[in-house]
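Reader: I am new to this structure and would like to go through it by question and answer. Please show it before we start.

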Amino acid sequence: MKNMKPDTEIDSLYSDLEKMSTREMLTNINAEDYKVAEVVRQQIPIIEKLVDAIVPKMKNGGRLFYIGAGTSGRIGVLDASECPPTFGVSHEMVIGIIAGGDTAIRKAVENAEDDAEQAWKDLQTFNITENDVVIGLAASGNTPYVVGGLQKAKENNLITGAIYCNSKGIMSEIADYSIELVVGPEFLTGSSRMKAGTSQKLVLNMISTSVMIKLGRVKGNKMVDMQLSNKKLVNRGAEMIVDELNIDIEKAAELLKKYGSVRQALAAYKNDNQ
């Protein structure tokens, strides 16, 4: 087992933060953030393989699960919760699970991440099957909740992915697809909500967006299946219809109201005007 000091705990490159001016702090944080995208870019070949493994499983009725604790868990819950409004999919298609349950989204739950058996118990409440995919998120790569969940998922023949920010992470030895995002020391030593969290968010954006495109939930470059849950999105949907059909905005809004989604409005109009 790997037990050396995690990359996420290495001392900051900056000292005496409290003596910096506001501009100095912001400039230095931004300088560190610039490093993140390049680290993510280097992992694209592995991210590609994971996406291409997820898609056929989901086409066969499978689901995508994220498991994590603390900041990593919250990032997973965030990405999962944004899939239904963005792509019009069921809330049961991409599911984020955080150690400590929904309470932990807002408030830390003591010792929740230290239970190596709980993640699999949480996954089992969803009647998990071999069609499902589990991605573990942990900045250190060693969080017992996530490590234990990935181990059990692997034992039960599920495809597994790992997104972590430590070259000494145990998760690298378990997952089928290991995405190692060693972003270097944080501006504030050990604060993995910063660069580590940003890198995980970027990768989940890439995974979920790419998967949904390959599942046909996007047309051209438009979110044609988005949920019309507020006036802004209704207006955006009408403008999509205007751009696609070259009709006036009033007619587009009428079609959208009648058919309830951009995709269905476009299909109905084209069918009626063949």
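Reader: Is Asp-16 buried, partly exposed or exposed?
Author: In this predicted model, Asp-16 sits in the segment before α1. Its relative accessible area is 45%. Buried needs a value under 20% and exposed one over 50%, so Asp-16 is partly exposed.

Reader: What is the phi of Asp-16?
Author: Most residues other than glycine have a negative phi. Asp-16 is not a glycine, yet its phi is positive. The value is near 50 degrees.

Reader: Which phi does Asn-246 have, and where is Asn-246 placed?
Author: Asn-246 is exposed, with a relative accessible area of 71%. The residue is not a glycine, but its phi is positive, at about 60 degrees. Its place is in the loop between α8 and α9.

Reader: At what angle do the axes of α8 and α9 cross?
Author: Two packed helices are described by the angle between their axes and the distance between the axes. Helix α8 covers residues 231–245 and helix α9 residues 249–259. Their axes come within 8 Å, and the crossing is right-handed. The angle is roughly 115 degrees.

Reader: How do the residues in the contact of α8 with α9 divide into nonpolar, polar and charged?
Author: On the side of α8 the contact is made by Val-234, Gly-237, Ala-238, Glu-239, Ile-241, Val-242 and Leu-245. On the side of α9 it is made by Ile-249, Ala-252, Ala-253, Leu-255 and Leu-256. Gly counts as polar and Glu as charged, so the division is 10 nonpolar, 1 polar and 1 charged.

Reader: How many salt bridges does the whole structure hold?
Author: The pairs above are joined by a network of salt bridges that links Glu-32, Lys-35 and Lys-195. A search of the whole structure finds a total of 12.

Reader: What kind of aromatic pair do Tyr-14 and Phe-187 form?
Author: Tyr-14 is in the segment before α1 (22–42), and Phe-187 is in the loop between β5 (177–180) and α7 (195–214), 173 residues apart. Phe-187 is buried at 6% relative accessibility. The ring centres are 5.3 Å apart and the planes are at 55 degrees, so the pair is tilted.

Reader: What kind of pair do Phe-65 and Phe-126 form?
Author: Phe-65 lies in strand β1 (residues 64–68) and Phe-126 in the loop between α5 (118–124) and β3 (133–138), so the pair ties together parts 61 residues apart in sequence. Phe-65 is buried at 0% relative accessible area, whereas Phe-126 is partly exposed at 31%. The ring centres are 5.5 Å apart and the planes are at 65 degrees, so the pair is edge-to-face.

Reader: Is Thr-160 buried or exposed?
Author: Thr-160 is found in strand β4 (residues 159–164). Leaving aside neighbours within four places in sequence, its contacts include Val-134, Leu-150, Ile-174 and Tyr-177. Its relative accessibility is 0%, so Thr-160 counts as buried.

Reader: What share of the residues in the chain is buried?
Author: The chain has 10 helices and 5 strands. It holds 274 residues. Buried residues make up 45%.

Definitions and conventions. Residues are numbered from 1 along each chain as its sequence is written. This is a predicted model: local features need pLDDT of at least 70, side-chain atom pairs count only at pLDDT 80 or more; totals for chains, interfaces and linings use all residues. Side-chain values use heavy atoms; hydrogens and water are left out. Axes are lines fitted to C-alpha atoms, for helices over the stretch in contact, and angles run from 0 to 180 degrees between N-to-C directions. Helices (H or I, at least four residues) and strands (E, at least two) are DSSP runs, numbered from the N terminus. A crossing is left-handed if the near helix is turned anticlockwise from the far one by less than a right angle, and right-handed if clockwise. Contact means heavy atoms within 4.5 Å. Rings of Phe, Tyr and Trp (its six-membered ring) pair if their centres lie within 6.5 Å; planes under 30 degrees apart count as stacked, over 60 as edge-to-face and the rest as tilted. Buried means under 20% relative accessible area, exposed over 50%, partly exposed in between (1.4 Å probe, protein chains only). A salt bridge is a side-chain nitrogen of Lys or Arg within 4 Å of a carboxyl oxygen of Asp or Glu.
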